[in-house]
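Biologist: I would like to learn how to read aromatic pairs in a protein model. Please start with the term itself.

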Amino acid sequence: MRTVGTLKSAGVRAGDEVVVPAYGSAEVARAVVELGAVPVFADVDGDSYCLDPAAVADVVTTQTAAVVAVNRFGRRADAGWIREVGQRHGLLVLVEDEPGADPAGADLRRAHAAYLDGRLNGVRTPTPAAGHTYEQYVVRVPGNGRPDRDAFARTLRAKGVACSVPVLAPVYRMPGLRRDVFLPQTERAVDETLALPVHAGMSRRELHKMVGACNALGGLLQPAF
């Protein structure tokens, strides 16, 4: 990531505020701290898991110097709206790729994602978007948040499905970055999301097996109200 160098060269100084995503890797927030600036966490959009432009506008103050958005799971952040917020307030806006992003195999991942989109039920599949490369295929598990999601994941793993929880905690709860905030979309995403494998080497048989395992479980859970 080019965050530190770009912010520094743009004149962001110690004590300035930089708006960063609350959901995802802590790398951006730690880069801001390394510069001596102050990370300010904004909530994410519940469909894209990228910065919500309205949430960015809510946390901008006279001390804000920049906004760093991150493309999440292969889906692009809403850079147009975020830049509009930045222009309105005279802020530097950076849009970064997620750490470890790999464009190789994107076409096969898209094909796998399309197969899953049409066959999975009982979980909420990713919202389609132009240019999505599905670095991770992230679904929402209905039910009672983290306990049901974690039980769902354990059962899938027992059936041989190598699923993973993509984000374990909001960035504002990570060591050295703790803040007394509660951002609802971030909290829900942390509690409900599960990444299913869609790597380029997967066979159609493996995808079919995963669909069967997920659908058998998904029918047992109901969304919480």
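Modeller: Rings of Phe, Tyr and Trp (its six-membered ring) pair if their centres lie within 6.5 Å; planes under 30 degrees apart count as stacked, over 60 as edge-to-face and the rest as tilted. This is a predicted model, in which local features need pLDDT of at least 70 and side-chain atom pairs count only at pLDDT 80 or more, while totals for chains, interfaces and linings use all residues. Residues are numbered from 1 along each chain as its sequence is written, and side-chain values use heavy atoms, with hydrogens and water left out.

Biologist: Which residues form one aromatic cluster?

Modeller: Tyr 23, Tyr 49 and Phe 73 do. The structure holds 5 aromatic pairs.

Biologist: How is a pair of aromatic rings described?

Modeller: By the distance of the centres and the angle of the planes. Here, Tyr 23 and Phe 73 are 6.1 Å apart, centre to centre, with 85 degrees between the planes, an edge-to-face pair.

Biologist: Where in the chain do Tyr 23 and Phe 73 sit?

Modeller: Tyr 23 is in the loop between β1 (17–21) and α2 (27–34), and Phe 73 is in the loop between β3 (64–71) and α4 (79–89). They are 50 residues apart, so the pair links distant parts of the chain. Helices (H or I, at least four residues) and strands (E, at least two) are DSSP runs, numbered from the N terminus. The protein chain has 8 helices and 6 strands.

Biologist: Is Tyr 23 buried or exposed?

Modeller: Buried means under 20% relative accessible area, exposed over 50%, partly exposed in between (1.4 Å probe, protein chains only). Tyr 23 has 0%, so Tyr 23 is buried. Phe 73, at 3%, also counts as buried.
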